[in-house]
Amino acid sequence: MKMTVSGKQMTVRQSLKDLTEKKLAKFDRFFGDDAEAIVVYSCRHDLQYIEITINYGGTIFRSEEGAESFQNAIDEAMESLERQIRKNKTRLEKRLRSGAFESPLPDDVDEEEEGEFKIRTKSFPIKPMSVEEAILQMNLLEHQFFVFRDAETNEPCVVYRRKAGDYGLIIAEE
């Protein structure tokens, strides 16, 4: 697995990079050599955060955790990623490396998988508007995200409220 380790407004110590490589090596059984892991460390609100994004075969696995120390944050993020993989084991078997799930699980690991997806379909007209207008509309509806068509480019976009309280914008790429 190719790995990129960086810090947001900080320098990552070599010992922390080594620990990260050692911990992420655990996922080598799930992913092939062409998997790409991006690890970003940061400090916010008196906590130390790690964000791990693994891209393999077009499937993205992501975890962001904060704790009192980077070591604790790494452990929590690793557990979160493994939980995601195990929860969706049946659906992921076709995409992950063959034999990834052949090793037995420890006794304390719950292997309950997620059931069928319950999908509610909703359709609505998408009118062209500015990003600011879309955020206002999202807030008026008290939603976490809002789909709209950008007035300038006429491309479909999504605005969403982030955990930190600010907003994000997703622009579709072709």
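The predicted chain has an average pLDDT of 84, and 85% of its residues score at least 70. Confidence reaches its highest mean, 95, in strand S8 (residues 167-171), whereas the lowest mean, 68, belongs to helix H3 (residues 89-92). Over residues 104-109 the pLDDT remains under 50, and the model shows three contacts beyond four places in sequence for this stretch.

Four strands form an open sheet in the order S5-S6-S7-S8, with mixed pairing. Strand S5 (128-129) and S8 lie at the edges, each pairing on one side only. Helix H4 (residues 131-141) packs on this sheet and touches S5, S6, S7 and S8; the direction of H4 makes about 150 degrees with that of S6. Within the sheet, strand S6 (residues 145-150) runs antiparallel to S7, to which it is joined by five bridges, and Phe-146 is placed opposite Val-159 in S7. Strand S7 (residues 156-161) also pairs with S8 in the antiparallel sense, over five bridges. Here Val-158 faces Ile-170 of S8 across the pairing. The hairpin formed by S7 and S8 has five residues between the strands, and Gly-165 adopts a positive phi near 100 degrees in this hairpin.

When residues up to four places away in sequence are not counted, Ser-80 touches Ser-63 and Glu-65.

Terms used: Residues are numbered from 1 along each chain as its sequence is written. This is a predicted model: local features need pLDDT of at least 70, side-chain atom pairs count only at pLDDT 80 or more; totals for chains, interfaces and linings use all residues. Side-chain values use heavy atoms; hydrogens and water are left out. Contact means heavy atoms within 4.5 Å. pLDDT is the predictor's confidence in each residue, from 0 to 100. Helices (H or I, at least four residues) and strands (E, at least two) are DSSP runs, numbered from the N terminus. Two strands pair if DSSP finds at least two bridges between them. Axes are lines fitted to C-alpha atoms, for helices over the stretch in contact, and angles run from 0 to 180 degrees between N-to-C directions.
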